[in-house]
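Dear colleague,

Please find below the structure that I am handing over to you, together with its sequence.

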Amino acid sequence: MRNHSEFEPNYIEAERFVLGMLLAGKRCAENILGKLTSDDFHHSLNAEVFDTACALFHENIPISVETVNDRMAQMHGGSAFNRKYVSWLAEQALEEVFAEYCCHLVLYYSAERDEDFVDERGSVYDENFLPFD
């Protein structure tokens with residue numbers, strides 16, 4: 001079994017890229033939201049941002065820094081740190097072509113954390129998709 005701390009930097013970075021794509025208004029939201037759940041996120045604030053974006057999407061409200069910050073403020077008092085963090089996440093967006101890859105990374109590290117390669121939707125995660133061991 002591998003030490004999970006060796007994955008953390010890449011894991012958190014993949015989470016940030018996925019959230020950045022959502023917050024930057026990338027058209028890949030439906031694809032990302034259909035592949036991941038908040039349980040796939042290691043960092044609790046990242047999971048909270050994801051849940052907020054997911055709720056907005058299902059309410060047909062555009063996902064943006066402003067809408068996510070406003071919703072988080074309504075729900076939790078939206079501290080200045082959260083607002084800055086959400087704004088910073090949007091700056092982490094990659095090109096849409098990387099959305100699928102970043103989703104796979106988040107799922108991979110989630111499975112590593114959970115010590116199996118079966119996601120909650122019952123499908124076996126394809127670790128061969130990744131370009132490393």
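The notes below go from the overall fold to the core, and then to individual helices and residues.

Please bear in mind throughout that this is a predicted model.

Overall fold

The chain contains 6 helices and 0 strands, and along the sequence these elements follow the pattern α-α-α-α-α-α. Of the 133 residues in the chain, 44% are buried. Among contacts between residues at least 6 apart in sequence, 65% join residues at least 24 apart.

The nonpolar core

The largest nonpolar core has 38 residues, and the members that touch the most others are Leu22, Leu23, Ile32, Leu36 and Ile63. At least two residues of this core come from each of α1 (8-23), α2 (29-35), α3 (44-58), α4 (65-76), α5 (80-90) and α6 (99-114). The largest share, 9 residues, is supplied by α1.

Setting aside neighbours within four places in sequence, Leu22 is in contact with Ala29, Ile32, Leu33, Phe50, Ala53 and Ile63. Ala53, which is placed in helix α3, has a relative accessible area of 2% and is therefore buried, the cut-off being under 20%. With the neighbours within four places again left out, Ala53 is in contact with Leu22, Leu33, Ile63 and Val68. Between the C-alpha atoms of Ala53 and Met72 the separation is 9.8 Å, although these residues are 19 apart along the chain.

Helix α3 has 15 residues and reaches 21 Å from its first C-alpha to its last, close to the 21 Å expected at 1.5 Å a residue. Its buried residues include Leu45, Val49, Phe50, Cys54 and Leu56, and also Asn46 and Thr52. Just after α3, Asn60 takes a positive phi of about 60 degrees.

Helix α4 has 12 residues, which at 1.5 Å a residue should span 16 Å; the end C-alpha atoms are 16 Å apart, in agreement with that value. Which residues of α4 are buried? They are Val65, Val68, Asn69, Arg71 and Met72. Viewed down the axis of α4, the buried residues fall within an arc of 165 degrees, so they line one face of the helix. Glu66 and Gln74, on the other side of α4, are exposed. Just after this helix, Gly77 takes a positive phi of about 85 degrees.

Aromatic pairs and a loop residue

The whole structure contains 3 aromatic pairs. In one of them, the ring centres of Tyr108 and Tyr109 are 5.3 Å apart and the ring planes stand at 75 degrees; the pair is edge-to-face because this angle is over 60 degrees. Both Tyr108 and Tyr109 are buried.

Finally, Gly25 lies in the loop between α1 and α2. Its relative accessibility is 46%, so Gly25 counts as partly exposed. Gly25 and Pro62 are 37 residues apart in sequence, while their C-alpha atoms are 7.9 Å apart in space.

With kind regards

How values were computed
Residues are numbered from 1 along each chain as its sequence is written. This is a predicted model: local features need pLDDT of at least 70, side-chain atom pairs count only at pLDDT 80 or more; totals for chains, interfaces and linings use all residues. Side-chain values use heavy atoms; hydrogens and water are left out. A nonpolar core is a set of buried Ala, Val, Leu, Ile, Met, Phe, Trp, Tyr and Cys residues joined through side-chain atoms within 4.5 Å. Buried means under 20% relative accessible area, exposed over 50%, partly exposed in between (1.4 Å probe, protein chains only). Helices (H or I, at least four residues) and strands (E, at least two) are DSSP runs, numbered from the N terminus. Contact means heavy atoms within 4.5 Å. Rings of Phe, Tyr and Trp (its six-membered ring) pair if their centres lie within 6.5 Å; planes under 30 degrees apart count as stacked, over 60 as edge-to-face and the rest as tilted. The expected span of a helix is 1.5 Å times one less than its number of residues. The arc is that of the directions from the helix axis to the C-beta atoms.
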